[in-house]
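My entries follow in the order in which I looked.

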Amino acid sequence: MLFDATQVRRVMLSGFPLGGCDDVVAQLRQGGVRVVSLLADADAVVVPDDANGRGRAAVGDVGLPVVALREVLARAGGATACREPVGDAAGGVRICDVVLPRAEARDTALVPDAAQFRGVCFDRAFLLLARTVARCLRDALPCLIEGPTATAKTTTVQWVAAVTGHPVARLNLSGQSETGELVGRFVPDDRPDAAATWRFQPGVVPRAMERGWLVLLDEVNLAEPQVIERLNSALERPPTLVLSEHDHRVYGSGGQPVAAGFRLVATMNPAEYSGRSVLSPSFRDRWVVTCRAEAPDEQSVRQLVHFLLTGEQPHVVLPFGAFQAAPVAPLHPGLAPALELAAPLARLHCTLSDARLGRRRRERPTFTRRGLLAALEQAACEAAHGRDPRLALVEAVHATYVERLADQADRDAVRATMRAVQFD
Ligand SMILES: Nc1ncnc2c1ncn2[C@@H]1O[C@H](COP(=O)(O)OP(=O)(O)OP(=O)(O)O)[C@@H](O)[C@H]1O
Ligand SMILES: [Mg+2]
């Protein structure tokens, strides 16, 4: 059917996950398009960008054009003109709508390698978090990111550092972390010409203050509260630090200057995760920006799978503009023949992530993006070795989602979910 997207003002939705509809309705509204519930009122039926033949056929012959969301958004009203999520801008680098200066070209060995992010899907949650991190780096605001495992906390910070050229000192904190790691400690001086037996070795934070690094305190609440509270003054604006462990040297506040690029970002899982400490109000309060990283919803999971198999990035409409990165060479092209499994796989993944399996176990099974990526990688390897891509994907998902469950009842429940979402 002939279709002129500029004429589309009222649409019906088909094939969107229930949880993702509010987002789609909001995106369309921004583009001046209303979602209606009666076919008789609609100019077109809108399906997800990655809807395959089956998804489109499911709409049936309703006498209306069936169009992808991207197509309607791209042309409707022009309000959603689409940009690359990252690009050069006067004054530095643009991440969504935030322009921040490029870091000084020094300590480049500490700048994360952009190549490691070629599998990153620029979905809604990723771009929102990246924009917040970018804003914090631009305005020198300490930023604390809290969220469940595998919600891209670490990846996002490192990606922002990679595109802005910011050196990163990443500390993986744990119950064994000591203040010495952060601010400095005395170590045996084994230099041949050493005058004393011990020398002071500055920690990551004073070095970062001197060199203008971003300090990434990963898993900050795994460390003992009194260890991380040593950083309270470094979290203030402007940051300061007194090396009371050594010569009482002062960084900032009239002492040794703090380099312009010095930044602090922390990530953590919720306090309910085992082994995490509860942050004291005074420490938490110093993180001027505290944001949440969310597990990907069904739409994002589908976009991720679609991206990994085709190289096409999703079209994302945010309150500050619409974004879509140019397509790239896909990470798993060998699985492209299994593309029609993307939607059922996303539904399966999200249904299981919400399910409460392993009730009788102390350690409950979790279904995360990490597991999903591992399953796709295993399937891609099998396909590269000649296995049928569809079968390889079904088997890898089965191994990741079913076989590691200890309880027969849980395994049966997952198998039943697989049949229900037609992932077979
Ligand atoms: N948007 C994305 N597209 C593709 N892969 C992603 C995306 N976000 C995260 N990943 C991948 O998901 C995995 C988990 O990401 P990451 O380690 O950043 O999560 P995290 O929130 O820091 O988890 P944890 O709390 O366990 O440290 C990594 O393999 C990462 O490469
Ligand atoms: Mg992490």
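**Crossing of α4 and α5.** I began with handedness and noted that α4 and α5 cross in a right-handed way (a crossing is right-handed if the near helix is turned clockwise from the far one by less than a right angle, left-handed if anticlockwise). I keep in mind that this is a predicted model, in which local features need pLDDT of at least 70 and side-chain atom pairs count only at pLDDT 80 or more, while totals for chains, interfaces and linings use all residues. Residues are numbered from 1 along each chain as its sequence is written, and chains are lettered from A and ligands numbered from 1 in the order in which they are written.

Helix α4 (residues 124-139) packs on helix α5 (residues 153-164) at an angle of about 60 degrees, and their axes are 9 Å apart (axes are lines fitted to C-alpha atoms over the stretch in contact, with angles from 0 to 180 degrees between N-to-C directions). I therefore call α4 oblique to α5 (under 35 degrees is roughly parallel, over 145 roughly antiparallel, 65 to 115 roughly perpendicular and the rest oblique). Among the residues in this contact (C-beta atoms, placed from the backbone, within 7 Å) I found Phe-126 and Leu-129 of α4, and Trp-159 and Val-160 of α5. The contact residues divide into nine nonpolar, two polar and no charged (Ala, Val, Leu, Ile, Met, Phe, Trp, Tyr, Cys and Pro count as nonpolar, Asp, Glu, Lys and Arg as charged, and the others, Gly among them, as polar).

**Domains.** I next looked up the domain assignment, which gives domain 1 (5-75), domain 2 (82-292) and domain 3 (298-420); such bounds come from an automatic or database assignment. The centres of domain 2 and domain 3, taken over C-alpha atoms, are separated by 32 Å, and their contact takes 17 residues from domain 2 and 22 residues from domain 3. On the side of domain 2 that touches domain 3, the elements giving two or more residues are β5 (82-83) and α4, and α4 gives the most, with four residues.

**Ligand 1.** Which residues are the closest to ligand 1? I listed Thr-149, Ala-152, Lys-153, Thr-154 and Thr-155, out of 20 residues that surround ligand 1 (C-beta atom, placed from the backbone, within 6 Å). Helices α5 and α12 (369-384) are the elements that give two or more residues to this shell. Because domain 2 and domain 3 both give residues to the shell, ligand 1 lies between them.

Terms used
Two residues are in contact if their C-beta atoms, placed from the backbone, lie within 7 Å.
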